[in-house]
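Please keep the structure in view while reading.

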Amino acid sequence: MKNFNGKILFLDRSDINTDEIIPAKYLTELTKAALKPYCLEDLSQPGFDPKKDIEGKSAIVTRANFGCGSSREHAPWVLEYNNINIVIAENFARIFRQNMFNCGLMAIQLDAAVIDEIFKTFSGTEAELTTDLDKQTFTITNGKVTKSYPFAIGDFDRELVKAGGWVSYADKKY
Amino acid sequence: MGKTVAQKIFDAHVVDKPADGVWVLSLDRVFCHEITTPIAINDLVAIGKDRVFDPSKIKAVIDHVTPAKDSKTAEQGKTMRDWAHRHGIKDFFDIGANGVCHALFPEKGFVRPGFTVIMGDSHTCTHGAFGAFAAGVGTTDLEVGILKGVCTMREPETIKVNLTGELKPGVYAKDVILAVIKMLTVNGATDKVIEFAGPAVDAMKMDARMTLCNMAIEAGGTCGVCYPDMVTVDYLWPFIQDEFASKEAALAEYSKWLPDADAVYAKELTLDVSTLEPMVTFNYKPDQVKTVREMEGTPVNQIYIGSCTNGRLEDLRIAAGILKGKTISPKVRAIVSPATPKIYREALAEGLIQIFMDAGFCVTNPTCGACLGMSNGVLAGGESCASTTNRNFNGRMGKGGMVHLMSPATAAATAIAGVITNSPLFTGK
């Protein structure tokens, strides 16, 4: 199982699409690792600097419809190769969400009000996430404030995360 | 309780239900292109499982960057080519025979009502125009599809979009789907299938139905579906005539995929298409849609007619009809890419290519290239493109570029005017 703990990158926007996460011109790469330098390169977000702001982060908290657009699994891969294995959002585009779990990564959906509360409490601070998959809770702390949040993922998604992805799961079963 | 089209297809293909709401489906078709497939192939090789579940059900094409523009894209093509030959995949379309996947595969008769189809491409939803369940997936789903012939999908909920009325002259399926996306918003159909129903859909040919279903994903939809009818049967007839005694027999068989009268929908919408004007997007989301009238006079740098949305013969006929005897504005450049070799040949035979060239268009080979800013028409920063494609994301056709999505008629009129404008076919009556 992959690591789901670490510093949070806050992206305060809805509808962040796969072209923003990894532009199509990099889809000619034949290895996942080669994508690493281009993570969120075209993100349209004032003040965001992909060269500096991703470094050291291991989780993303964002708003609605994250990962919309293309089916490219390069989007979860580029996050994974930048050590970001978990994205927490109001909701996700279907293909992106499925791609995350298929890779053994997590896409966690929370109510808009809870996401909003996380933004208000922790955005702009050095916030760190700790995930407990079995108890389905995660804790965020910034040294001053510590809060826990329950989350729900389906049994099947949890099995994919534990198996390390859909290829190993499917190969055993079908 | 009655069933939707997707529920009937899921029932007929279920292999397993590993958890609540999760279905593992058997696949009738696994489509592959050179952008998302090579990493799946390389992974299968790396884990010692370089196999395919059924070479006759796998169809493959090189379409996104073709002919190769550099060593990396040449390598992607080579990976596909070697793999297809190694596994005896007969329906592999290489340079000379290749075209935009969602135009090429329907044209070859690969999709039938009731089929399950996946591809590592979000616009796979196009094939729902045949009454199939067709969904875009990532490379891992594609990899398992290639190896095992199965895919997981979540329980299908369906939105039914009733399209009533008759389109005004100069208003097309593209305008309808832009209006529908505006109503649904970019994630209004996430995790849902969209059934397009009603007299306006019944009146559409397959080309128009594919335009409609192609953009279901832009509202977040898993698949767009049109009901199989005699239009579907007529289109498929050259491929199915040995299977059925008559077209009526084919229609009777395919009708089992129609939804039940008491099917349950997550939501139902009705749009009277006779109220619609030609539509165009502004800004960077496909639900940011205005009438062409509201955007009238907006300058553009490039016109692009092509893609899996609007690069089919009917689209080229409409655009050429407007361009005939005219030339494009000196302020713009214009590109047309017939979506498949067959469309290209027919456009040549009908004199359409001549019209495009006389008007000042550059005619390129069939490819997806420009639509996603990979080749054959990439924008420079600060430029904008009047485009018949499906996605207007920030930087989609080139970093710093803006894309205005529109119908081929509006794109042709815009090419002549040099600014966004309605085609003369649209009189408002």
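Where is the place of B:Thr185 in chain B? B:Thr185 lies in the loop between H6 and strand S10 (192-197) of chain B, where helices (H or I, at least four residues) and strands (E, at least two) are DSSP runs, numbered from the N terminus.

## Basis of the model

The model is predicted, and local features need pLDDT of at least 70, side-chain atom pairs count only at pLDDT 80 or more, while totals for chains, interfaces and linings use all residues. Residues are numbered from 1 along each chain as its sequence is written, and chains are lettered from A and ligands numbered from 1 in the order in which they are written.

## Backbone features in loops of chain B

As background, most residues other than glycine have a negative phi, and most peptide bonds are trans.

With 19 other C-beta atoms within 10 Å, B:Asn376 is partly exposed. A cis peptide bond, with omega about -10°, joins B:Thr66 and B:Pro67, and B:Pro67 is found in the loop between strand S4 (58-61) and helix H3 (71-86) of chain B.

Two packed helices are described by the angle between their axes and the distance between the axes. Here the axes are lines fitted to C-alpha atoms, for helices over the stretch in contact, and angles run from 0 to 180 degrees between N-to-C directions. Angles under 35 degrees count as roughly parallel, over 145 as roughly antiparallel, 65 to 115 as roughly perpendicular and the rest as oblique. Helix H13 (residues 313-323) and helix H16 (residues 408-417) of chain B pack at about 30° with their axes 8 Å apart, and H13(B) and H16(B) are therefore roughly parallel to each other. Their crossing is right-handed, a crossing being left-handed if the near helix is turned anticlockwise from the far one by less than a right angle, and right-handed if clockwise. The contact (C-beta atoms, placed from the backbone, within 7 Å) is made by B:Asp315, B:Ile318, B:Ala319, B:Ile322 and B:Leu323 of H13(B) and by B:Pro408, B:Ala409, B:Ala411, B:Ala412 and B:Ala413 of H16(B). By class, this contact of H13(B) with H16(B) has nine nonpolar, no polar and one charged residues, where Ala, Val, Leu, Ile, Met, Phe, Trp, Tyr, Cys and Pro count as nonpolar, Asp, Glu, Lys and Arg as charged, and the others, Gly among them, as polar.

The axes of helix H6 (residues 173-184) and helix H8 (residues 206-214) of chain B come within 9 Å and cross at roughly 20°, and H6(B) and H8(B) are therefore roughly parallel to each other. The contact joins B:Ala173, B:Lys174, B:Val176 and B:Ile177 of H6(B) to B:Ala208, B:Thr211 and B:Leu212 of H8(B), and its residues divide into five nonpolar, one polar and one charged.

## Helix H9 of chain B and its cover

In helix H9 (residues 230-240) of chain B, the buried residues are B:Thr232, B:Val233 and B:Leu236. They cover an arc of only 85° around the axis, which puts them on the same side of H9(B); the arc is that of the directions from the helix axis to the C-beta atoms. What covers the buried residues of H9(B) includes H8 and helix H10 (247-254) of chain B.

The axes of H9(B) and H10(B) come within 10 Å and cross at roughly 115°, and the two helices are therefore roughly perpendicular to each other.

Nine of the nine residues of helix H4 (residues 94-102) of chain A are buried, so H4(A) is largely enclosed by the rest of the structure. Just after H4(A), A:Gly104 takes a positive phi of about 80°.

The contact between the chains takes 44 residues from chain B and 37 residues from chain A. On the side of chain B that touches chain A, H5(B) gives the most, with six residues.

Conventions:
Contact = placed C-beta atoms within 7 Å. Buried ≥ 20, exposed ≤ 12 C-beta atoms within 10 Å, placed from the backbone.
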